[in-house]
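Here are my notes on this model, written for someone who has not looked at it before. The points can be checked one by one against the structure.

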Amino acid sequence: MSAHNRGTELDLSWISKIQVNHPAVLRRAEQIQARRTVKKEWQAAWLLKAVTFIDLTTLSGDDTSSNIQRLCYKAKYPIREDLLKALNMYDKGITTAAVCVYPARVCDTVKALKAAGCNIPVASVATGFPAGQTHLKTRLEEIRLAVEDGATEIDVVINRSLVLTGQWEALYDEIRQFRKACGEAHLKTILATGELGSLTNVYKASMIAMMAGSDFIKTSTGKETVNATFPVAIVMLRAIRDFFWKTGNKIGFKPAGGIRSAKDSLAWLSLVKEELGDEWLKPELFRIGASTLLSDIERQIYHHVTGRYAAYHDLPMS
């Protein structure tokens with residue numbers, strides 16, 4: 001990961017001037033969705049690149065140490081060995097970007113990755129995920145405990161009511177405390193954009209999160225009714241660009257929730273490339289939160305290599 005975002009002073013004059021052109025954002029989103037995807041060997045290359053951006057995630061009530069172990073193995077070996085050899089990519093060290101779990105499963109994840117002999121980062125959700133409605137003291141302690149257990153990235157959720165009621169100073173102060181509790185771990189702030197009410201609120205919340213020291217801003221928990229969408233992503237990416245122009249700090253972007261197909265992943269890579277440039281197309285600045293996406297990417301690569309679609313038993317489960 002890149003160096004921490006130290007944050008900036010809260011600038012409410014900037015926040016007060018923000019207005020998002022909703023029709024223009026929707027037009028831009030339609031352009032992205034209507035575009036034809038890359039084909040053949042170019043598609044295979046982009047899909048392998050997409051794998052390296054995935055935070056391979058399990059956030060289920062029935063998570064156990066055994067399925068965490070399986071997930072970690074899949075994170076280290078995301079694409080079947082013979083497929084990578086056919087593409088001359090076997091020795092390129094392709095892994096997922098991180099493994100993302102609940103705080104109680106961090107120890108299991110650290111142990112499983114160590115046993116697999118790899119140093120893939122462990123990300124933990126925290127701060128009362130997914131609703132963010134527990135007491136602040138409890139949320140801060142949850143961050144500290146996850147870091148103590150070995151998490152090097154913390155995906156926090158904000159208190160959405162602070163956005164909906166325009167309490168920007170309170171939101172800034174809360175995220176500053178999250179930043180401090182993370183210590184050396186990277187802070188990824190989930191905005192839960194489907195619950196923020198407007199694209200203008202999405203921009204403002206993005207900017208406050210970056211001012212407060214977030215290393216990444218993330219669209220969703222994956223548990224909301226509406227998760228990652230292109231209009232929301234465009235607003236967040238332009239907030240990242242504006243923050244970079246104003247401060248020189250590069251902040252990462254993580255769409256999450258509902259990204260399940262290989263075709264979807266290519267559209268997200270294309271959007272980030274066009275809005276922020278190739279500099280952002282690396283795991284230090286771009287992640288995709290997903291639990292089932294990797295399976296479809298592997299199926300598409302299998303088809304590219306063999307010319308046929310894989311049966312269910314042909315590919316190891318993630």
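**Notes on the model**

1. The model is a predicted one. A network of salt bridges links seven side chains by name: D55, E153, D155, K188, K218, K254 and R287. Over the whole structure, the search finds 24 salt bridges. Some individual pairs are taken up further down.

2. Overall make-up. The chain's secondary structure amounts to 13 helices and eight strands. Its C-alpha trace spans about 55 × 45 × 35 Å along the principal axes. Of the 318 residues, 52% are buried. Among contacts between residues at least 6 apart in sequence, 79% are between residues at least 24 apart.

3. The sheet. The eight strands make an open sheet with parallel pairing, and the order across it is β7-β6-β5-β4-β3-β2-β1-β8. At the edges stand β7 (252-254) and β8 (288-290); each has a single partner strand, so one side of each has no neighbour in the sheet. On average, neighbouring strands are turned by 25 degrees against each other, with direction ignored.

4. The β6 and β7 end. Strand β6, residues 216-218, runs parallel to β7 and is joined to it by three bridges.

5. Strand β3. How many of the five residues of β3 are buried? The count is five of five, so the strand is largely enclosed by the rest of the structure. V122, S124 and A126 point one way from β3, while A123 and V125 point the other way; all are buried. On the pairing side, β2 (residues 98-101) and β3 are parallel and share three bridges. Within that pairing, V101 has S124 of β3 as its bridge partner.

6. The loop between β6 and α11. T221 is placed in this loop. Is T221 buried or exposed? With a relative accessibility of 7%, T221 counts as buried, because the cut-off for that class is under 20%. A polar atom of the T221 side chain lies 2.9 Å from the backbone nitrogen of K223. Apart from neighbours within four places in sequence, T221 is in contact with F129, P130, V157, R160, I190 and N227.

7. E224 and R160. R160, one of the contacts of T221, also has a salt bridge with E224, at 3.8 Å from N to O. E224 is in the loop between β6 and α11 and R160 is in helix α8 (residues 160-164), so the pair ties together parts that are 64 residues apart in sequence. Both E224 and R160 are buried.

8. R238 and E275. In this salt bridge the closest N and O atoms are 2.9 Å apart. The pair links distant parts of the chain, with R238 in helix α11 and E275 in helix α12 (residues 262-276), 37 residues apart. Which of these two residues counts as buried? E275 does, at 6% relative accessibility, whereas R238 counts as partly exposed at 30%.

9. R80 and D82. These two residues form a salt bridge, the closest N and O atoms being 2.8 Å apart. D82 is partly exposed, with a relative accessible area of 40%. R80 is also partly exposed, and its relative accessible area is 25%.

10. Points to look at again. For the sheet, start from the edge strands β7 and β8, each of which has a single partner strand. For the loop between β6 and α11, take T221 together with E224.

How values were computed
Residues are numbered from 1 along each chain as its sequence is written. This is a predicted model: local features need pLDDT of at least 70, side-chain atom pairs count only at pLDDT 80 or more; totals for chains, interfaces and linings use all residues. Side-chain values use heavy atoms; hydrogens and water are left out. Two strands pair if DSSP finds at least two bridges between them. Helices (H or I, at least four residues) and strands (E, at least two) are DSSP runs, numbered from the N terminus. Axes are lines fitted to C-alpha atoms, for helices over the stretch in contact, and angles run from 0 to 180 degrees between N-to-C directions. Buried means under 20% relative accessible area, exposed over 50%, partly exposed in between (1.4 Å probe, protein chains only). A polar contact is a pair of N or O atoms within 3.5 Å; within protein, one must be able to donate a hydrogen and the other to accept it, and residues adjacent in sequence count only if both atoms are side-chain atoms. Contact means heavy atoms within 4.5 Å. A salt bridge is a side-chain nitrogen of Lys or Arg within 4 Å of a carboxyl oxygen of Asp or Glu.
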